[in-house]
Amino acid sequence: MGDRPHHSGDTSTSLVGQHISISASLAKESLVYSYGRSFNGFAAKLSPPEVDTFSKMERVISVIPNHKLHLHTTHSWEFMDFSPGKIRPQEEGNIVIGFLDSGIWPESESFNDEGMSPPPAKWKGKCHNITCNNKIIGARYYNSEGLYPTTEFKSPRDAIGHGTHTSSTAAGREVDGASFLGLAKGTATGGVPNARIAVYKVCWDMLGCSNADILAAFDDAIADGVDILSMSLGSDDPQPFFDDALAIGAFHAMKRGVLSSASAGNSGPSPATASNLAPWMLTVAASSMDRKFISQVVLGNGEIYPGIAVNSFKLNGTSFPLVWAGDVANYSGGNGLLNAKNCLPGSLNSNKIAGKIVLCNSVLGDYTGVVMANGLGAIVSFPIPFLIDIALSYPLPATQVKTGDGDAILEYIRTTENPIGTILVGETWKDIMAPYVASFSSRGPNRLNPEILKPDITAPGLDILAAWSPVASPSGSPFDTRKVKFNVISGTSMSCPHASAVAAYVKALHPNWSPAAIKSAIMTTANVMDPRKNDDHEFAYGAGHINPLAVTNPGLVYNASEADYIHFLCKQGYNTSTLKQITGESNASCDGVVPGRAWDLNYPTFGVAVEDGQSVNATFTRTVTNVASTNSTYRVTVQMSSSVNVEVHPKKLSFSTVGEKKTFTVKVSGPKMVEQPIQSGTIVWKDGVHVVRSPLVVYTITTNSMTTSPFRPTERIRFGANSINWNMHF
């Protein structure tokens, strides 16, 4: 977390050599990256004793292991009534979105630069090993381990499709007639099709995304001149902020005026699974839109069962023999009923299923055994009902049905002498329930800071059509030989670039707004989600569903600076000397700050985490900045359950100039709470034109789940490995 070095010279190499007693040449071999363009530090290969030596150095703020993160895997803009690229395209063209991802397929139609001017004068980026244009203006790649799978490219070129999909979702050009093999045909476009794209490839097929590479990408991206960073990746297990490369990089980006948008993760619907929890990041959940992909099963008795799948295979209505996987186990291969009915690899007898459609009762939604045994198609019966919202793509005719429908199909197979059926090619149906949060989208509450509501926002992330790498399997299966230019996939990886595009849209119209102001505008103008469709309420969708139509005119914003986040960190247990080393600023201080709750961080949402059995008692202080009309008066309304009392003072805020600030307090009180589920409320400021809405949630936590001080700078961690990559920050 150290600031940029204030002197020249390769201090990283000399420090490595000096403190582990090796020559300069060996020090260079040990050194993986030297971070110095935007912040100070390096990545090096160190043994545990060497890690201990560096950890005790006065200049070293933190030494963290090279953890591996994972990728969080266009009707959507129409669904939000937004017309990409139609408003101020010239201003949009000044904005550069940086993508930390798996690279890009530059030849995709989504990245053509027809009619685009040269890159903005501020741009300092480069293109390595691919040809850029006026759309893709930067492309770098990072591989600290030097390992390149045979499926990969030693360049920013995308081998797995993920980075191509996310970058085109946010900033792809309009492409008419786009579809997935005929499904969902229409015009594909990103949210800001005139914005520039800069690619930082940090994720690799089969290898994941390493901390060392991520920090190197941040260092370059900030110095290159990106305006927004989009990161559809994260850890399955949230790390304390300063053991977290994404939080570290995003903090430095925030200092330079760059907002980092990140996916919340795909570990839902279990509670407290959200990742990317730093308050200086925009954390995005995934929700549905009003289009779902259906592939129906038609039985020989005339019964029809709708299934969820992105199925492009045409059986032309021809019926084929049906079998249940449990009846065709590959016993000679050592497989029994359990493996067979789950259709696991090698579990099925190819002599009994060749040319047939197989019914799988699969907890994992697997089909691989059917493909390997030369089955013609698969019907996957999901025993987990909340996972039936995900339309998957398969390398053979396949669809997934609800458990009850799967039971009916099994009954037909068992009671019919020659059961037959077919799987119809996919089609799109209107989903009148949309939007609702996807089952896989990671939920709150925030495991590191219970008072900071996470995720921040939700955006479309279910069944998103966008550009794809033609060398990547559209289903992710090695048995899938189809080549496509566009693909339909789901994940918070898909919702994140929607939010990144909206942030870029705001930045284009308000280039001087801070990252916190942009984030506030996105959150306080969000559309209200229906809690009846989302049992987890704000823990699922945060402030609500992103609304690109309202986001550029929020009326008021909750701004925050580096100093505010420093105060927040002081509350988390950091001390003055550590802060000075982290920020490189002599005035950084924790004097007079008592560690405790984060109620005074100027955040656009309000969270009250009450220890089980304790009464409700919290006071928040907030400051809003007028960014709209010169003479306006806002009045507050509060909605909350009757068991909780909420008082706001003052109840009226009057502004005479743009940029004027006003402060108010919110006092929340109530009786003792025991195992109380989330209670949702809102604090709304209105002036007759603008509606500034902030959620207020009250919920109970157990004592052992309180994590108000997740990190102490003096802690030391020992690892048993002989040698491992470590990331070091001054």
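These are my notebook entries on a predicted model of one protein chain.

**Ground rules**

I number residues from 1 along each chain as its sequence is written, and side-chain values use heavy atoms, with hydrogens and water left out. As the model is predicted, local features need pLDDT of at least 70 and side-chain atom pairs count only at pLDDT 80 or more, while totals for chains, interfaces and linings use all residues.

**Entry 1: the chain overall**

I looked up the secondary structure and found 17 helices and 37 strands in the protein chain. Of the 730 residues, 62% are buried. I take buried as under 20% relative accessible area, exposed as over 50%, and partly exposed as in between, with a 1.4 Å probe and protein chains only. The chain exposes about 26,800 Å², and carbon and sulfur atoms supply 51% of that area. The areas come from the Shrake-Rupley method with a 1.4 Å probe; for residues, only the protein chains shown count as cover.

I traced an open sheet of seven strands in the order 18-17-23-19-20-21-22, with mixed pairing. Two strands pair if DSSP finds at least two bridges between them. Which strands stand at the edges? They are strand 18 (304–305) and strand 22 (398–401); each has a single partner strand, so one side of each has no neighbour in the sheet.

Inside the sheet I checked strand 20 (residues 357–360) and strand 21 (residues 377–381), which run parallel and are joined by four bridges. Cys-360 stands opposite Val-380 of strand 21.

I then looked at what lies across these strands. Helix 12 (residues 403–415) lies across strands including strand 17 (297–299), strand 19 (320–324) and strand 23 (420–423), and runs at about 110° to strand 19. Axes here are lines fitted to C-alpha atoms, for helices over the stretch in contact, with angles from 0 to 180 degrees between N-to-C directions. Contact means heavy atoms within 4.5 Å.

**Entry 2: helix 13**

Helix 13 (residues 492–509) has 18 residues and reaches 26 Å from its first C-alpha to its last, close to the 26 Å expected at 1.5 Å a residue. The expected span is 1.5 Å times one less than the number of residues. I also checked the cover of helix 13: 18 of its 18 residues are buried.

**Entry 3: His-545**

I located His-545 in the loop between helix 15 (538–541) and strand 28 (556–557). Is His-545 buried or exposed? His-545 is buried, at a relative accessible area of 4%. Leaving out residues up to four places away in sequence, I list among its contacts Phe-79, Met-80, Ser-287, Pro-435, Ala-459 and Met-529. Ala-459 is 86 residues from His-545 along the chain, yet their C-alpha atoms are separated by 5.8 Å.

**Entry 4: salt bridges**

I count a salt bridge when a side-chain nitrogen of Lys or Arg is within 4 Å of a carboxyl oxygen of Asp or Glu. By this rule there are 16.

Arg-140 and Asp-224 meet in one of them, at 2.9 Å from N to O. Arg-140 is in strand 6 (residues 136–141) and Asp-224 in helix 7 (residues 211–224), 84 residues apart. Both residues are buried.

Glu-451 and Arg-597 form another, at 2.8 Å from N to O. Glu-451 is in the loop between strand 24 (427–429) and strand 25 (457–460), and Arg-597 in the loop between helix 17 (576–583) and strand 29 (606–611), so the pair ties together parts 146 residues apart in sequence. Glu-451 counts as buried at 4% relative accessibility.

Lys-454 pairs with Asp-456, with their closest N and O atoms 2.7 Å apart, and both are buried. I also noted that salt bridges with shared partners join Arg-140, Asp-220 and Asp-224 into one network.

**Entry 5: backbone points**

I found a cis peptide bond between Gly-268 and Pro-269, with omega about 5°. Pro-269 is in the loop between strand 14 (259–263) and strand 15 (281–287). The bond from Ala-434 to Pro-435 is also cis, with omega near 0°, and Pro-435 lies in the loop between strand 24 and strand 25.

Met-206 is not a glycine but has a positive phi of about 75°. Met-206 is in the loop between strand 10 (203–204) and strand 11 (208–210), and is exposed at 64% relative accessible area. Asp-463, not a glycine either, has a positive phi of about 60°. Asp-463 is in the loop between strand 25 and strand 26 (464–467), and is buried at 2%.

Terms used
Helix = DSSP H or I, 4+ residues; strand = E, 2+ residues; numbered from the N terminus.
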